[in-house]
Amino acid sequence: MADDPQVVKTPASEVAPAEHTRSGSYYRPNVDIVEKAEELIVRADVPGATADGIDVKFEDGTLVIHAKVPPRNQDVDFLVKEYGVGDFYREFRVNETVDVARISAELADGVLTLHLPKIEAAKPRKIPVKS
Amino acid sequence: MVLRYMNPTHPVHQLRRELDRLWSQVMGDQLEPPWTGLVRGQPAVNVWETEDALFVELETPGLKSDQLDISVVGDQLSIRVQRPEVEEKGATYHRRERPVGSFSRVLRLPAPVDADAVEAELQNGVLCIKLPKAKEARPRKIQVVGK
């Protein structure tokens, strides 16, 4: 399987990635992860995030979701405050059966949906039995 | 031993709330303990007021406007959300954290509002409800006449 040309290895970056310098809290989005025969689907709740603030990275077998949420209502006096507003961040380990080059993402109504297609070799295959 | 502390009326929770309150006073605008007293999936709210309106904000990711039911009766605002359960055929769930089902919140409003002028806006999964205060609840500037 290691020789399979479909396996796309991401090169380790030579330059260290920039560290997050923004202060403030990060929140862990709730996610659903669904596995189908063809792909894995990750749905993450990122209310308040806009498409241009979404940063999805796949590096060294780790899928990183970072959704920037522009601050809102900062100068008001809250009567009730049950949740905080801030960026969403979460990491997942993903095994090599994902075709990294074809990962796609979409955002609708505050939900980020990621499609992680499986590589051909990892798809289930029915073996016909001859009689 | 652990079970004993599951009871929300246990003094250890009172102590925790008290410490949280003190902490938020010292730290200024810090997040209050989230989800205290909330059932999982119940929408959490932020409420603030200005001189002439009350604002209620909820995080409602994935909800369409027809899955929301907002009504004002007297001094109560009730919000009902319906998150339909989508069962995917031939699929395996590895994580299932996003809430599904119907949930509702009823909030007692601290000031009378003009129910006809309530507006709600849904944007990027955040619902903001603006409730203009009733005339008698708005502050009236009193002109001081010098003689």
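Author: Begin with the contacts inside one chain. This is a predicted model. Among contacts in chain A between residues at least 6 apart in sequence, 57% join residues at least 24 apart.

Reader: Which elements make up chain A, helices or strands?

Author: Chain A has nine strands and zero helices. Along the sequence, its pattern reads β-β-β-β-β-β-β-β-β.

Reader: How many residues are in the largest nonpolar core, and which have the most contacts inside it?

Author: The largest nonpolar core has 22 residues, and those with the most contacts inside it are Val46(A), Leu63(A), Leu112(A), Leu114(A) and Leu116(A). Several strands of chain A each supply at least two residues of this core, among them strand 2 (31-35), strand 4 (54-59) and strand 9 (111-117). Take Leu63(A) as a case: leaving aside residues up to four places away in sequence, its contacts include Phe58(A), Phe92(A), Leu114(A) and Leu116(A). There is also a second, separate core of 18 residues, which includes Leu54(B), Leu58(B), Ile79(B) and Leu107(B).

Reader: How is the size of an interface given?

Author: It is often stated as the accessible area lost when the parts come together. Here about 3,300 Å² is buried between chain A and chain B, and carbon and sulfur atoms give 48% of that. In terms of contacts, 34 residues of chain A meet 38 residues of chain B.

Reader: What about charged side chains? How many salt bridges are there between chain A and chain B?

Author: The general idea is that side chains of opposite charge can pair when their charged atoms come close. Between chain A and chain B the count is seven salt bridges; over all chains it is eleven.

Reader: Which residue forms a salt bridge with Asp45(A)?

Author: Asp45(A) pairs with Arg98(B), at 2.7 Å from N to O. This pair crosses between chains, from strand 3 (residues 39-45) of chain A to the loop between strand 5 (92-96) and strand 6 (101-108) of chain B. Both Asp45(A) and Arg98(B) are buried. Arg98(B) also forms a salt bridge with Asp32(A), at 3.5 Å from N to O.

Reader: Where does Glu59(B) lie, and why does its pair with Arg72(A) join two chains?

Author: In the salt bridge of Glu59(B) with Arg72(A), the closest N and O atoms are 3.9 Å apart. Glu59(B) is in strand 2 (residues 53-59) of chain B, while Arg72(A) is in the loop between strand 5 (62-67) and strand 6 (78-81) of chain A, so the pair joins two chains. Glu59(B) and Arg72(A) are both buried.

Reader: And a salt bridge within chain B: which parts does the pair of Lys133(B) and Glu49(B) tie together?

Author: The closest N and O atoms of Lys133(B) and Glu49(B) are 2.8 Å apart. Lys133(B) lies in the segment after strand 8 (126-132) of chain B and Glu49(B) in strand 1 (residues 45-49), so the pair ties together parts that are 84 residues apart in sequence. Lys133(B) counts as buried because its relative accessibility is 7%, under the cut-off of 20%. Glu49(B), at 34%, is partly exposed.

Reader: Which residues make a nonpolar surface patch?

Author: Leu15(B), Leu19(B) and Leu22(B) make one of about 290 Å². Leu22(B) lies in helix 1 (residues 11-26) of chain B and counts as partly exposed, at 41% relative accessibility.

Notes
Residues are numbered from 1 along each chain as its sequence is written. Chains are lettered from A and ligands numbered from 1 in the order in which they are written. This is a predicted model: local features need pLDDT of at least 70, side-chain atom pairs count only at pLDDT 80 or more; totals for chains, interfaces and linings use all residues. Side-chain values use heavy atoms; hydrogens and water are left out. Patches are made of residues with over 30% relative accessible area and no salt bridge: like charges are joined within 9 Å, nonpolar side chains (Val, Leu, Ile, Met, Phe, Trp, Tyr) within 5 Å. Accessible areas come from the Shrake-Rupley method with a 1.4 Å probe; for residues, only the protein chains shown count as cover. A salt bridge is a side-chain nitrogen of Lys or Arg within 4 Å of a carboxyl oxygen of Asp or Glu. Helices (H or I, at least four residues) and strands (E, at least two) are DSSP runs, numbered from the N terminus. Buried means under 20% relative accessible area, exposed over 50%, partly exposed in between (1.4 Å probe, protein chains only). A nonpolar core is a set of buried Ala, Val, Leu, Ile, Met, Phe, Trp, Tyr and Cys residues joined through side-chain atoms within 4.5 Å. Contact means heavy atoms within 4.5 Å. Buried area is the accessible area (1.4 Å probe) that two parts lose on being put together, summed over both.
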